[in-house]
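Subject: Structure handover

Hello,

Here is the structure I promised to pass on. Please open it and keep it beside you while you read my notes.

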Amino acid sequence: MTKTKQWILFLASVLLGCAAGEEVEAPEAQRPPNVVLIVADDLGWRDVSFNGGEIATPNIDRIATEGVRLDRFYVAPICSPTRAGLMTGRHPIRYGMMRGVVMGYHDYGLDPEATIVPQVLAEAGYEHRGLVGKWHLGLSRREYHPLERGFTRFVGHLGWGFDYFTHERYGEVDWFHDEESVDEPGYSTDLISEHAVRFVREHAGGEAPFFLFVPYNAPHSPFQAKDEDLPLYAGLEPVAIEAVVGAGVPPEKYEWFGGHAMSRARLEDVEGRLRNRRITGAMVHAMDVGIGRILEALDEAGVADDTLVWFFSDNGGDTGIGDNRPFRGSKGNVFEGGIRVAAAARWPAGGVSGGGAVSAPLNYLDVMPTLMQAAAASDRFDLELDGRDALSALRGGEVAGDRDFYSYCAQLSDEREQLMAMEGDWKLIVIGPEPLDRAALGESQTMLFHLGDDPGEQNDLSAEHPEIAERLTGKALAFRALQPEEHVPIFWEGREEFVAPGRWRVAE
């Protein structure tokens, strides 16, 4: 029976079931789906048009309109922790990977003993497992390399932000085809899209399903777009300071609200925000075009229905440049604007379709257990996971049981760690000196918000509900205590005398 006939019969059963008032279950997929996991870098909540933004993203929107929109999808406030969490299904703090990002001058990376997504999918029969884009989970040793972690193909860069055209960082090219450092001309966003399309075309017709991880570096700084795209958003306005920091926050507190040491200066630099906001629009456009090419390749190969496409950003938009409205905050902090991101998923044959919205709170730790369930691999591994299988939620079903969610960031300063605990709609944020523990609370600021009534986090209720604040403080400090003695260093550590290795080749 062809897929078309299967879906005709399924739709007929839906109509008959609806007429009879019966519940209809999602269709069972014939085999585990292909998986295309697409992650943007520093994309704001409102930097997609399906969330009402001013940047047109018709191809990203297509994932939402043909699949489902995830209205409460949470990640870590910065890059490396989100990647570590989605790859392992565990809180990255357990691996010392949550304080900050892994820089090229840090001898650190994701624990080689940690089991990650491509390794699990390999055991489930996914013969081809590609990474095309940005890794950022360690590049100082061979054991951190993606080809050592279960991927069979790697095209992209190992480290953090680099020049979109020269692919250089610290004067050395960071662009690889598997283990080979190569000079490949082109705008990095376009190259990522091109190689992702090539991977789909090469492996879509195989007997086994494939896994493709596409972590774009767009629209992360440096703010660089192609000349032909720049006029598209020449009229885009910068994000107002109040939308980032909240109403009534004095300038001396601006440093809380960004992932950059110069966040206060950046917020006050209207001309710089205007320029970079317009460039960001053009950068997002190029990424959206590339995502459209990937979706088209799935269509042309006849595997779109049998492919789970999951899209989200690794954290909120850049300070004062990405648009995270209506939420407060931005990349680098634990307010909603830093950790609640644009997200959507689509898998027609698996019942993830219809264009609806999922309001249940889901998060990046759910990626691993959800893919394990979709791939029928849950029984193959005995893993302790902090995430949960979200397939039922993606299909529009009920989410079983409440759960807490935590976040933490301290990459720039020992004086302003940020810690968050969320229990239902109650959300507590503590900002204070390292390490945040009971002894440090006297020097810290504690804020309590009720997201159901105040998603913009404007009204601190800690004085009105001290018992809730105390309970969540205890939970937050217990989470903070999970950080091991060895962890990602502070952002600047090791930077002053660092000399990049030739062509960023990995040491053995």
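First, a definition for the strands: two strands pair if DSSP finds at least two bridges between them. Please also keep in mind that this is a predicted model.

**Strand β10**

Start with H128, which stands opposite F210 in β10. Strands β4 and β10 pair in the parallel sense, over 4 bridges. Strand β1 (residues 34-40) also pairs with β10 in the parallel sense, here over 5 bridges. In that pairing, V214 of β10 is the bridge partner of I38.

How many residues of strand β10 are buried? The count is 6 of the 6, so β10 (residues 210-215) is largely enclosed by the rest of the structure. In a regular strand, side chains alternate between the two faces of the sheet. Both faces of β10 are covered. F210, L212 and V214 are buried on one side, and F211, F213 and P215 are buried on the other.

**Helices**

Helix α10 (residues 367-374) is mostly covered, with 7 of its 8 residues buried. Among the buried ones are V367, M368, P369 and T370. After α10 comes A376, which has a positive phi, near 55°.

Now look at α2 and α8. Two packed helices are described by the angle between their axes and the distance between the axes. Helix α2 (residues 58-66) packs against helix α8 (residues 270-300) at an angle of about 50°, and their axes are 7 Å apart. That makes α2 oblique to α8. On the α2 side, the residues that meet α8 are P58, N59, I60, R62 and I63. Their counterparts in α8 include M287, V289, I291 and L295. By class, this contact of α2 with α8 has 7 nonpolar, 2 polar and 4 charged residues.

**Salt bridges**

Side chains of opposite charge can pair when their charged atoms come close. A search of the whole structure finds 37 salt bridges. Three of them are worked through here.

- D41 forms a salt bridge with R83, and their closest N and O atoms are 3.5 Å apart. This pair links distant parts of the chain, 42 residues apart: D41 is in the loop between β1 and α2, and R83 is in helix α3 (residues 79-88). D41 and R83 are both buried.
- R46 forms a salt bridge with D323, with the closest N and O atoms 2.9 Å apart. R46 lies in the loop between β1 and α2, and D323 in the loop between β11 (307-313) and α9 (336-339), so the pair ties together parts that are 277 residues apart in sequence. R46 counts as partly exposed, at 21% relative accessibility. D323 counts as buried, at 0%.
- R153 forms a salt bridge with D178, with the closest N and O atoms 2.7 Å apart. R153 lies in strand β5 and D178 in the loop between β8 (176-177) and β9 (180-181), so parts 25 residues apart in sequence are tied together. R153 is partly exposed, with a relative accessible area of 28%. D178 counts as partly exposed too, at 23%.

Salt bridges that share partners also join R46, D47, E54, R277, D323 and R325 into one network.

**H145**

Last stop: H145, in the loop between β4 (128-134) and β5 (153-157). Is H145 buried or exposed? Its relative accessible area is 2%, and buried means under 20%, so H145 is buried. Leaving aside its neighbours within four places in sequence, H145 is in contact with F154, L158, D178 and V506.

Best wishes

Key. Residues numbered from 1 in each chain as written. Predicted model: local features only at pLDDT ≥ 70, side-chain atom pairs only at ≥ 80, totals over all residues. Heavy atoms only, no water. Helix = DSSP H or I, 4+ residues; strand = E, 2+ residues; numbered from the N terminus. Buried < 20%, exposed > 50% of the residue type's maximum accessible area, 1.4 Å probe, protein only. Contact = heavy atoms within 4.5 Å. Axes fitted to C-alpha atoms, helices over the stretch in contact; angles between N-to-C directions. Parallel < 35°, antiparallel > 145°, perpendicular 65-115°, else oblique. Nonpolar A, V, L, I, M, F, W, Y, C, P; charged D, E, K, R; others polar. Salt bridge = Lys/Arg side-chain N within 4 Å of Asp/Glu carboxyl O.
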